[in-house]
Amino acid sequence: MLHSFSCENFYSFKNKVSIDFTVNGDAPKTEGYFSTPLGVRLSKTQVVVGSNASGKTILLKALPFLQWLITHSFSQDLDAPLPFQSFELDDGSRKKATVMEVVFEIDKIIYSYSVSMTRERIVSEKLEKTEFVTNRKSTKLVFDRMWDEKNKRYKLKNKCGLPDNFESSLRGNVSTISLAIQFNHSESREIGGFWSNVYTNVSEAGWFGDHLVLNSVERFLSVLDLYEKNSGVKEKMEKYLATFDLGLSGVEVRKEKTGSRSVFHAKGIHSLDGKEYSLDLTLESSGTKQFMMMLAVIIRVLENGGIAVIDEFEVNLHPEMVRELFSMFIHPEINPKNAQIIFSTHSHSVLEDLDKYQIVLVEKDESGASDAWRLDTVKGVRSDDNHYMKYVTGVYGAVPRIR
């Protein structure tokens, strides 16, 4: 379960911003919240709203980046730079490190992970864990890694059962956890398992559905590959296609090898007057294809538990479909593992279904720096306010300034 995350000097976020899923007793007693085994109350959803180019996608990008750093950074080339940017519109920020922090809970253990880094290397990295033993809180250091510039090497406190040669294996562009997974370190593998359940449509280049992103076609092919390999996910996708009345009763996906390449044959199945007709999936509407991509994320996170990170949730979808899709995370019978979702949208009618603890506003100032804040931190906002009307009329800010 995700408690919170923050970033500083990360793309357009010059100063530190924090997104918090934890709530106190003032939050409404609804199915939109749940309590963890340790009694921490969390929101199942956070919606991110703001004008175009305000920084919404960048804010969401923080979690997929952390997922990559923690679990997959070992796989990159030895001398590859870390794949992020600092705030580029200020000379001082270019010289500073980027700092990210995240708090998450696994099996009654709360982990706090922080990393400071430049494009060249990780400068420092720390992991702590908090447990409750016989009702007493105990916080322990798992590891603390620091770059020694004078001696050009890393110093590591607490090896946590790792072999003696582990410290000498540390690389500037690889997280300690990602390296420890290669050493079959059990606790690191558990943490890696948690982060493997982050499902997203956000990449380093932006939203996968954006026609400007070169790999958007490849992304859709990977979704078809998922449906071809996993009949259970495919069956659930087809069920939702029928439920949302998109004119389809099913989807046929077949993959065949042509030399070293895989070629997909995908068709939408239409049932009319007791007969079935197939139509090449490329001829289906953009909304249908977007819906299939969205379901690939949502079905898996609901099945496995974890976190869905979705940018531009509403693209090619009717606003009522958007509300219905995100509400799947609210209902315990659909979301028994308390999967969480954070998403951005311009379909602002969803604000009518959310509390002030579940709405994040993003705005960019005249210097090009983004800021983000949760609505409950704004003085004077009431729980029973019509958040949709107040947002669209500009009361909360984070709306376009058209000159």
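1. Because the model is predicted, local features need pLDDT of at least 70 and side-chain atom pairs count only at pLDDT 80 or more, while totals for chains, interfaces and linings use all residues. Residues are numbered from 1 along each chain as its sequence is written, and side-chain values use heavy atoms, with hydrogens and water left out.

2. The structure holds 2 cavities of 30 Å³ or more, a cavity being a set of points on a 1 Å grid over the protein atoms alone where a 1.4 Å probe fits but cannot get out. The second largest cavity contains about 70 Å³ of space, the volume being that filled by probe spheres set on grid points joined across faces, edges and corners. It is lined by 13 residues, of which V142, F143, A180, H185 and S188 are the closest to its centre; lining residues have an atom within 4 Å of a point. Strand 9 (136-148), helix 3 (176-182) and helix 4 (186-195) each give two or more residues to this lining, where helices (H or I, at least four residues) and strands (E, at least two) are DSSP runs numbered from the N terminus.

3. In helix 4, the buried residues are E187, S188, I191, G192, F194 and W195, buried meaning under 20% relative accessible area, exposed over 50% and partly exposed in between, with a 1.4 Å probe and protein chains only. Seen down the helix axis, these buried residues fall within an arc of 155 degrees, so they line one face of helix 4; the arc is that of the directions from the helix axis to the C-beta atoms.

4. W195 is also one of the residues, with F5, L59 and Y113, that touch the most other members of the largest nonpolar core, which has 58 residues. Such a core is a set of buried Ala, Val, Leu, Ile, Met, Phe, Trp, Tyr and Cys residues joined through side-chain atoms within 4.5 Å. Helix 1 (residues 56-72) gives the most to this core, with 9 residues. Apart from this core lies another, of 54 residues, among them L248, V253, L281 and L351.

5. D107 lies in the loop between strand 6 (98-106) and strand 7 (109-117) and is exposed at 66% relative accessibility, whereas N184 is in the loop between helix 3 and helix 4 and is exposed at 54%.

Notes. 1 Å grid on protein atoms, 1.4 Å probe; cavity = no way out; pocket = protein on both sides within 12 Å on 5 of 7 lines; lining within 4 Å.
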